[in-house]
Amino acid sequence: METRTTTTRTTSFALGSSADQSDVDQASFEELVIAYFNCRKRKRNTHSALAFEQDLVRNLYDLHRELIEGTYRPGPSICFVVTRPKAREVWAADFRDRVVHHLLYNRISPRFYASFIADSCACIPGRGTLYAALRLEAKVRSVTQNWVRPAWYLKCDLANFFVSIDKRVLRAQLAARITEPWWMWLADLVLMHDPRPGVVMQAPPALMALVPPHKSLLNQPAHRSLPIGNLSSQFFANVYLDALDQHAKHQVRARHYIRYVDDFLLLNESPQWLNAAHDDIEAFLPHELGARLNPAKTILQPISRGVDFVGQVIRPWVRTTRRRTVNEGARRLRQMDAADVYASANSYFGLLRQATGSHADRAQLANIVRSRGYAVNFGLTKAYRHLQPYSDAA
């Protein structure tokens with residue numbers, strides 16, 4: 001798309017304005033400042049954030065000028081590998097580029113969120129894992145009439161989701177709602193940017209080898225794959241799968257449906273109906289989105305056996321944390337340095353408290369935390385540091 005060259009202007013307006021406000025077609029300096037403060041939350045001590053802050057006003061001014069003049073181009077990314085829960089690449093954009101991601105997100109996300117169904121979760125304000133678990137629990141109680149009637153669930157997962165996203169399809173989805181030329185230019189620039197040229201690899205070859213080749217962005221064609229690790233990718237993924245949500249609700253007519261990233265469930269009294277819904281969705285995905293289901297992760301079984309979703313297992317009248325998560329937490333708390341136990345223990349206690357049936361799990365972790373030299377409150381919800389220095393031997 002052809003970019004426009006204009007003189008710098010700083011117009012103040014409310015974030016998330018509607019697409020028909022054509023008189024405001026570019027980012028104001030105030031919006032960029034807001035995006036910067038959004039971006040630096042929990043990132044302020046990183047090297048790139050500190051470097052940007054050293055000459056903050058000048059850097060923001062230069063970035064705004066480049067954006068308005070159409071000369072802005074994303075910089076090199078950093079690639080590393082995480083191994084939990086499985087090996088995958090993470091592509092971290094430079095701090096300067098992450099500010100631009102927040103700028104774009106702040107402006108265009110409200111118009112997309114307004115059209116999303118209430119059962120689309122993940123990377124949406126107020127719709128995290130707890131929201132998804134509670135929402136699913138309500139649906140389970142509805143379809144089973146408070147666990148009185150039998151019902152079934154179909155759980156599906158998209159194969160190699162982020163690396164299989166077709167940017168051409170996603171661009172058309174964005175263009176349908178971003179009618180301002182300048183903002184569409186910016187969305188197009190962020191979406192179509194290929195982070196591979198000039199990437200700084202921070203993972204040794206042995207660690208990179210743990211990532212399956214078909215799951216690596218390095219092996220994908222230019223029109224496919226979103227880099228895991230950027231705010232823009234999380235938001236774009238939800239825009240991409242909104243078509244699936246709308247199809248499931250309005251064409252498949254699934255009364256009980258919920259999605260968290262690329263994992264989704266349908267509930268029904270009839271397993272035959274769920275099989276038909278599966279076939280419909282399996283045909284829809286490659287035709288409309290160029291995606292496909294992962295057959296190895298497709299599950300159809302009675303709800304009474306328990307529904308595993310977003311790290312929790314929903315059974316009659318109780319939600320528990322997935323056993324694998326509890327066991328992994330216990331293993332890590334036993335093996336990590338004593339000085340790190342305090343923060344990790346409170347993180348795990350916070351996670352376990354989200355489940356209604358978590359007392360036994362919290363007691364298991366509390367015993368480990370006490371053995372590592374920390375105190376735990378009576379409710380088994382918080383760890384405390386001792387006033388005196390501690391050691392594992394003490």
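Tutor: We begin with a definition: a salt bridge is a side-chain nitrogen of Lys or Arg within 4 Å of a carboxyl oxygen of Asp or Glu. The model is predicted, so local features need pLDDT of at least 70 and side-chain atom pairs count only at pLDDT 80 or more, while totals for chains, interfaces and linings use all residues. Residues are numbered from 1 along each chain as its sequence is written, and side-chain values use heavy atoms, with hydrogens and water left out.

Student: How many salt bridges does this rule give?

Tutor: Side chains of opposite charge can pair when their charged atoms come close. Here the count comes to 19 salt bridges. One of them joins glutamate 180 to arginine 107, at 3.9 Å from N to O. This pair links distant parts of the chain, 73 residues apart: glutamate 180 lies in the loop between helix H7 (167-175) and helix H8 (181-192), and arginine 107 lies in helix H4. Helices (H or I, at least four residues) and strands (E, at least two) are DSSP runs, numbered from the N terminus.

Student: Which residues belong to the network of salt bridges that share partners?

Tutor: Glu31, Arg107, Arg111 and Glu180 are joined into one network. Within it, arginine 107 also meets glutamate 31 in a salt bridge, with an N to O distance of 3.5 Å. That pair again connects distant parts of the chain, since arginine 107 is in helix H4 (residues 95-113) and glutamate 31 is in helix H1 (residues 29-40), 76 residues apart.

Student: Is arginine 107 buried or exposed?

Tutor: Buried means under 20% relative accessible area, exposed over 50%, and partly exposed in between (1.4 Å probe, protein chains only). Arginine 107 counts as buried because its relative accessibility is 0%. Glutamate 31, at 3%, is likewise buried, and glutamate 180 is buried too.

Student: Where do arginine 65 and aspartate 62 lie?

Tutor: Both are in helix H3 (residues 56-69), 3 residues apart, about one turn of the helix. Arginine 65 is partly exposed, with a relative accessible area of 27%.

Student: What joins strand E1 to strand E2?

Tutor: Two strands pair if DSSP finds at least two bridges between them. Strand E1 (residues 78-82) runs antiparallel to E2, and 5 bridges join them. The two form a hairpin with 5 residues between them, and phenylalanine 80 stands opposite valine 90 in E2. Strand E2 (residues 88-92) has 4 of its 5 residues buried, so it is largely enclosed by the rest of the structure.

Student: What radius of gyration does the protein chain have?

Tutor: The radius of gyration is taken over C-alpha atoms, and the globule rule is 2.2 Å times the number of residues to the power 0.38. For 394 residues a compact globule would have a value near 21 Å, and the chain has 23 Å, which agrees. The chain has 14 helices and 13 strands, and 48% of its residues count as buried.
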